Amino acid sequence: MTTTGPPTGKSNLWTAERRGPTIGMVLLVTLLAFENMGVSTAMPRMVSELGGEELYAWPFLAFLAASVVATVLSGRLSDLRGPRPSLLIGPALFLVGLVVAGVAQDMTLLLAGRVLQGLGGGAQVVAVYVLIALVHPERDRPAVFGLLASAWVVPSLVGPALSGWLTEVLSWRWVFLGLAPFVLLGVLLVVPVLRGLPPHNPDRNTRRGLPLAAFGAGAGVAALSWAAQHPRGLNLLVGLAGLVALVPSLRVLLPKGTLTARPGLPMTILARGLLAGSFFAVEAFIPLTLTSVHGYSAIAAGIPLTLSALGWSSAAWWQSRRPDHPRERFVRWGFALSAAGISGVTLIAPEWGPAWATPVLWAVAGAGMGLAMSSLSVLTLAASSDVDRGFNSAALQISDMLGSALLVGLGGVLIASVASADAPTAAVLPFDLLMAGVAVLGAVLAGRLRPATLGD
């Protein structure tokens with residue numbers, strides 16, 4: 001079903017027959033990025049106006065849990081029916097969720113909107129991966145994923161500031177409502193290519209327990225995230241219950257051998273969790289360290305995150321220009337750069353640390369992410385057949401979300417147990433060293449990403 005292309009020469013992302021789907025995919029991903037970057041900025045005003053201060057974390061948790069469920073179900077639907085249904089239903093749900101949240105008059109309606117956004121976002125991300133495999137030949141896929149990585153740059157640079165401006169000058173509601181017309185435009189650009197897709201060969205393999213596992217994983221991730229954000233009393237029991245629900249679900253949702261680093265596709269899926277988890281866990285506490293330990297303003301503390309996004313995009317573009325280079329080598333380099341950046345930022349945890357170096361160090365870590373994340377996506381599609389691309393793409397996203405949630409949560413527990421938000425050094429220093437170790441482990445295990453055995 002994969003469209004063939006020339007064995008050599010330039011990428012064909014912008015040929016007449018692929019221009020529409022390329023623009024549509026980039027637009028949909030960009031809008032998800034704007035929503036992701038903007039909601040955090042506007043959330044304090046939202047919950048204040050709606051009288052939901054005690055439920056501050058729930059809009060994030062509702063989105064996360066719904067995304068996990070939709071990711072799994074969309075993967076299965078894509079294997080059964082192709083990407084068409086998810087690329088129609090997903091953006092539609094996301095659009096309705098934006099409107100519902102934008103007109104919400106209470107927290108209940110806001111949470112309903114966030115659930116719809118999570119369902120729509122999770123569904124369309126998986127379907128985009130499947131569509132890439134159908135529309136673009138394997139040699140063009142590094143360029144596609146490099147382009148999708150670049151789609152996060154503008155939202156990362158202007159999303160928080162634009163969201164803050166809308167919230168202050170107009171209303172937080174426009175953070176949601178302002179995106180709605182562009183989501184509709186993205187759908188209109190993608191629909192024509194969906195009509196031209198070849199007939200889908202459905203997966204005849206019955207994956208038992210997939211819907212139940214999807215809901216178990218969604219509830220488990222949300223419970224663990226809640227307990228990590230509020231690590232005290234009965235909340236720890238909530239986290240334990242989430243873990244009990246999550247572990248058996250992962251046995252269904254991930255390829256066999258993922259948790260034991262079996263060579264090939266299982267290692268590819270595991271590497272995504274190690275990479276995303278170690279990076280985002282450290283990044284979550286960089287602004288806290290810069291403001292609490294070094295007295296930076298909120299704006300100054302966000303500069304390393306901006307430079308990281310630029311490093312990520314630049315490295316993703318660089319790897320996309322080298323389609324014939326072994327992807328597993330880029331993954332190893334990516335882990336190594338991420339480990340170097342993470343190791344470097346451990347030095348900013350003490351008061352005497354060179355906080356001024358943080359932007360450069362985190363740009364290095366971001367470059368590692370740009371090399372490895374895109375390459376892992378390419379390897380996953382290369383290891384997938386027509387009938388399991390949805391399942392494997394969903395597993396990649398689940399590993400990404402789970403790795404981030406678990407390791408960010410671990411950092412939160414350390415802050416609450418051995419330090420505090422006002423003086424986080426005692427927790428951040430050992431935690432960053434641990435995350436550097438996770439990145440080094442990923443670099444060592446990258447030798448198991450053997451293309452010849454990825455489908456074994």
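Colleague: Before we start, what should I keep in mind about the model and the numbering?

Modeller: This is a predicted model, in which local features need pLDDT of at least 70 and side-chain atom pairs count only at pLDDT 80 or more, while totals for chains, interfaces and linings use all residues. Residues are numbered from 1 along each chain as its sequence is written, and side-chain values use heavy atoms, with hydrogens and water left out.

Colleague: How many salt bridges does a search of the whole structure find?

Modeller: The search finds one, where a salt bridge is a side-chain nitrogen of Lys or Arg within 4 Å of a carboxyl oxygen of Asp or Glu. The partners are D400 and R272, with their closest N and O atoms 3.0 Å apart.

Colleague: Which helices do D400 and R272 lie in?

Modeller: D400 lies in helix α16 and R272 in helix α11, so the pair ties together parts that are 128 residues apart in sequence. Helices here are DSSP runs (H or I, at least four residues), numbered from the N terminus.

Colleague: And are D400 and R272 buried or exposed?

Modeller: Both D400 and R272 are buried, a word that means under 20% relative accessible area, with exposed meaning over 50% and partly exposed in between (1.4 Å probe, protein chains only).

Colleague: How do α11 and α16 cross?

Modeller: The axes of α11 (residues 265-292) and α16 (residues 389-418) come within 7 Å and cross at roughly 35°, where axes are lines fitted to C-alpha atoms, for helices over the stretch in contact, and angles run from 0 to 180 degrees between N-to-C directions. The crossing is right-handed, which is to say that the near helix is turned clockwise from the far one by less than a right angle.

Colleague: What kinds of residues make up that contact of α11 with α16?

Modeller: They divide into 14 nonpolar, 11 polar and two charged, counting Ala, Val, Leu, Ile, Met, Phe, Trp, Tyr, Cys and Pro as nonpolar, Asp, Glu, Lys and Arg as charged, and the others, Gly among them, as polar.

Colleague: Changing topic, which residues form the nonpolar patch on the surface?

Modeller: The patch is formed by V154, L157, V158, I303, L307 and L310, which together have about 440 Å² of accessible area. Patch members have over 30% relative accessible area and no salt bridge, with nonpolar side chains (Val, Leu, Ile, Met, Phe, Trp, Tyr) joined within 5 Å and like charges within 9 Å, and the areas come from the Shrake-Rupley method with a 1.4 Å probe. Helices α6 (153-170) and α13 (303-320) each give two or more residues to this patch, and V154, in helix α6, is partly exposed at a relative accessible area of 47%.

Colleague: How far apart are G90 and A123?

Modeller: They are 33 residues apart in sequence and 5.0 Å apart in space, C-alpha to C-alpha; G90 is found in helix α3 (residues 84-103) and is buried, with a relative accessible area of 0%.
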